Amino acid sequence: MSNNGSSYPIFLDYQSTTPMDKRALAQMLPWFSDNFGNPHSAEHKHGWDASDAVERARAQVAKLIGANKREIIFTSGATESNNLAIKGCARARKRKDGRNKIITLASEHKCVLESADSLKSEGFEIIILPVKIDGLLDLNILRGAIDKNTALVSIMAVNNEIGVIQPLAEIGAICKEMDVYFHSDCAQAVGKITLDMRAMNLDLISISAHKLYGPKAIGALYINRKNRIAIDHLMDGGGQERGLRSGTLSPALCVGFGAACKISNIEMINEADRLKKLRDRFLSILQAQLPDIITNGSMDKRVAGNLNLTFNGIDTSELMASLTGLSISSGSACSSDNNNYSHVLQAIGHDPAVTVASLRIGFGRFTGDDEILNAANQIITAIKKLQS
């Protein structure tokens, strides 16, 4: 992202958040001021106009993932969507047919792992499957873990740290064959890779607007209507969003979210091609000067805008302190305390007792050629200095 002459560092943390696209921002601004109606006020024009804007946005979100707008529930973001999907679906399924087993991966986002873990006190069995060294799921292990008591499988589409893309269609086919609901945290996937809910046999997916150049504090949960997925609500109130998510929606946030989805729907494929070339060029510059770099996660099954790199013999805190010209995140914390070490990197075989530094590098819509050259030089300089 251009720094426009400011003193801000180069932004390479697109997995944590994305800068809002100004085209989406322009669409949402009037809904903060002149168009201030409550979308749930059904008796006057202020409310009707706000409701119409929300429904247009809902349709834009749905179109991006090949869904019907009635299958989209607005939430505050992917964390809420994950909680609603996992807890709500698990409880409803247990009440319906007694199934009490939930399967997920060791490399999932913490909100998925902790949502599942919280259900243990309600009598649910939680199965955490391993991933291979490349970060991908072994489908045979998944098939062997599913039994007649399995209610839900939750596997993220694109990993938020190492960027690997799980085989959603194959997982969905297994779940459909075994009559198991399939949920996916798609916060890092929507707007970056092509998703088709029907073809992938997805029952529930979680989305976050600020991961695709929309506003923060809004997301969505897709619920497959064809399969009549039952979900228990987590909040009581006015019964908005089909009774699943009570509370007044913000038309401004919904409009910004919808506009961001519309832009992604048009530009996603070309954007992914550009980012892949940018990423590969960046990696080749680093490898030419730092031949011992380790890339974490599959490079073939990977979202275009992600790299996760390990530098042996380097302390993470020292490396991060050296990279003041970059807004970048550490893929791990170099510590003997396992709780401070990336659980994703541990899942693919990293030993938290070994002193290594890892960087998660995220490229996005506003990353330029000059910025990746500058960033690569900063990393090379820092690594060589620390190695010496």
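**Close-up views of a predicted model**

**View 1. Asparagine 312 faces valine 356 of strand E13.** The model shown in every view is predicted. Asparagine 312 belongs to strand E10, which covers residues 306–312. Strands E10 and E13 run antiparallel. They are joined by 7 bridges.

**View 2. Strand E12 also pairs with E13.** Strand E12 is made of residues 329–330. Its pairing with E13 is antiparallel and spans 2 bridges. Look for serine 330, which stands opposite leucine 359 in E13.

**View 3. Strand E13 is mostly covered.** E13 takes in residues 356–362. How many of its 7 residues are buried? The count is 7 of 7. Cover lies over both faces. Val356, Ser358, Arg360 and Gly362 are buried on one side. Ala357, Leu359 and Ile361 are buried on the other. Val356 is the residue opposite asparagine 312, and Leu359 is the one opposite serine 330.

**View 4. The whole structure holds 1 cavity of 30 Å³ or more.** The largest cavity contains about 130 Å³ of space. Its lining has 14 residues. Which of them lie nearest the centre? They are Lys192, Glu271, Leu275, Val303 and Gly305. By type, the lining has 8 nonpolar, 4 polar and 2 charged residues.

**View 5. The largest pocket holds about 340 Å³ of space.** In this pocket, 19 residues form the lining. Nearest the centre are Ile165, Asp300, Lys301, Arg302 and Val303. Val303 is also among the residues nearest the centre of the largest cavity. Which helix gives the largest share of the pocket lining? Helix H7, residues 251–289, does, with 4 residues. The lining splits into 10 nonpolar, 1 polar and 8 charged residues.

**View 6. The second largest pocket holds about 260 Å³ of space.** Its lining consists of 14 residues. Find Lys176, Asn201, Asp203, Asn224 and Asn227, which lie nearest the centre. Helix H6, residues 168–177, contributes the most to this lining, with 3 residues. Sorted by type, the lining has 5 nonpolar, 4 polar and 5 charged residues.

Technical notes: Residues are numbered from 1 along each chain as its sequence is written. This is a predicted model: local features need pLDDT of at least 70, side-chain atom pairs count only at pLDDT 80 or more; totals for chains, interfaces and linings use all residues. Side-chain values use heavy atoms; hydrogens and water are left out. On a 1 Å grid over the protein atoms alone, a cavity is a set of points where a 1.4 Å probe fits but cannot get out, and a pocket is an open set with protein on both sides within 12 Å along at least five of seven lines; lining residues have an atom within 4 Å of a point. Grid points are joined across faces, edges and corners, and a volume is the space filled by probe spheres set on the points. Ala, Val, Leu, Ile, Met, Phe, Trp, Tyr, Cys and Pro count as nonpolar, Asp, Glu, Lys and Arg as charged, and the others, Gly among them, as polar. Buried means under 20% relative accessible area, exposed over 50%, partly exposed in between (1.4 Å probe, protein chains only). Two strands pair if DSSP finds at least two bridges between them.
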